Amino acid sequence: MIANIVKPGHKTRGVLNYLYGPGRANEHTDPHLVAAWDDFVPDPGRNPAATLAQLTDVLDLRVKQVGHKAPKNHVWHCSIRAAPEDRHLTDDEWATIARRVLNATGIAPAGDPDACRWVAVRHADDHIHIVATKVRGDLRPPRNWNDFLRADKELVAIEKEYGLRQVPRGDRTAAKRPTRAEQEKARRTGKARTSREHLRTITRTAVSAATTTEEFFRLIEGAGALVDVQYFPSGNVRGYKVALAGDTNAQGEPVWFSGSTLAADLSYPKINERLTAHGATPAEWIEAPAWRRLSIAVDRTPDHLVHDKAEAGQAHIAVLAEALDALPLVAPVGLQAQLLQAATAFERAGRSRVRSHHQQAQATRRAVKAVLRVPPPRDGALLATVLDALLLAVIAAQHWHRTRNHTQQAEAARQAAEYLRVAYRAAAAEPLAVINHRGRRLTRPLQERQAAVVRHALPDLAEQILAEPGWPALAATLNDAGAAGHDPAALLIQAARHRELDTAANLTEVLTWRLKRLPDLAVEKPPHDRPAGSVRPGPATSTPKSTRSDSLPRRR
């Protein structure tokens, strides 16, 4: 059950006209009062002799009595909506809910004879509207500070008592939703997204790619948006606002959005904090290729979430969101749609009330930015290892949020994992087929040797692993590990302990990609090092995009 308290207005009659009218798409049915401050309030929906003018007059009585001292915007309007799967509540139940919310918010405390005048209107099965005028009987304003939080807290108790769906609650860090006017404008102009949503995507992508604030502003302009940077008298940047080219208001002026109105973490101070944070890069990463470095960094994210302090964990989740924002720019065309959906879903998971210590995750942030400055990987196995690591990290982020009761963020991470899983399966199909082919060509003694390694290292899982279709791929990978001088059994034990395997749908795939993230096994061997007859991995399905620092590759 969700409450939505709109910005106070000054036209009581206008709100009532809407509530008792047909609606914007004739969706209103049988509008009528379910409750009011007085049992004798005229109801135009049930009493043919009652009019909207009469109802307006009795609601506005105290507003007129107080005269010029009345608040400029005296109309308090709150809608309360049940979840789609909830049962249909009766009028009496809705009446009780309305009174409880009015009591909780301070608009009409229970037993207060001087409480504000109010009515609760029902014109659909799943919600009601409460309209009140904000002048009490003693001609003073009500004490309704923090009314949304109080209403939401009361609805949590109502959900439990009435056996309704317990809706995940937020922590007020979610990005602001598009207004109704913005949504209607997008529909009129044939746009799939509102300007606010489009600009949020552009800005988040620019943050993921930029290394300085100057480059951040250039990237936004390169993506086709307008940027207006504000400065202090000292010359330092105070903030910025963005607009879509061609998106204008009635006066023909650009419709601007400040960064903080797009999302809390897109304000200039927050972006500057991320881009200027200092943090050491592990020595073994410095010489590693960009995509290999990203694979290593993301692979360690779940460990950071388990062992680091909350502030460092939140920083790693913020960088994980940046990685998802960046990846659609350089991924093969066939994967971009799913990756973009994963990034959009995970956006909500990237913020919480925990303050990020960005210096703790700066090495991973550098790895994300580095992959945007090199050609996309032509080796499908390398891309699959990155996606596999990202999927495990997103699942770990979901668990991190869930253990801290960040219900909205945990749900966002779960949705992102679903999209990532689809992208991973598509990316992994060809390289796994290649590795499987190599595994099936191993001699019987080699196959039996690798099977013995599995039985020794993972006795409880061995038979399941050996029976899976992906066993040849794991056998080939273990054979490569031994040829590279590693102890296959020790690596297998390490890989199995590294992450929870109970929920893995395919153990051999999980273990294969974990082993593939080893430096010596990160890419397939060149043709002259492979067994005869092995299949050469196909090229990436997208062409390398521009790596200039003043423009972003366009998302399709």
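**Salt bridges across the chain**

Modeller: R100 forms a salt bridge with E161, and their closest N and O atoms are 2.7 Å apart. (A salt bridge here is a side-chain nitrogen of Lys or Arg within 4 Å of a carboxyl oxygen of Asp or Glu.) This pair links distant parts of the chain: R100 belongs to helix α4 (residues 91-105), E161 to helix α5 (residues 147-162), and 61 residues separate them. Helices are DSSP runs of H or I, at least four residues long; strands are runs of E, at least two; both are numbered from the N terminus. E161 is exposed, at 54% relative accessible area. Exposed means over 50%, buried under 20%, and partly exposed in between (1.4 Å probe, protein chains only).

This is a predicted model: local features need pLDDT of at least 70, side-chain atom pairs count only at pLDDT 80 or more, and totals for chains, interfaces and linings use all residues. Residues are numbered from 1 along each chain as its sequence is written, and side-chain values use heavy atoms, leaving out hydrogens and water.

Next, R204 and E347. Their side chains meet in a salt bridge at 3.9 Å, N to O. R204 lies in helix α7 (residues 195-209) and E347 in the loop between α15 (333-346) and α16 (362-371), so the pair ties together parts 143 residues apart in sequence. Both R204 and E347 are buried. Shared partners join R204, D265, D325, E347 and R351 into one network of salt bridges.

Across the whole structure, the search finds 27 salt bridges.
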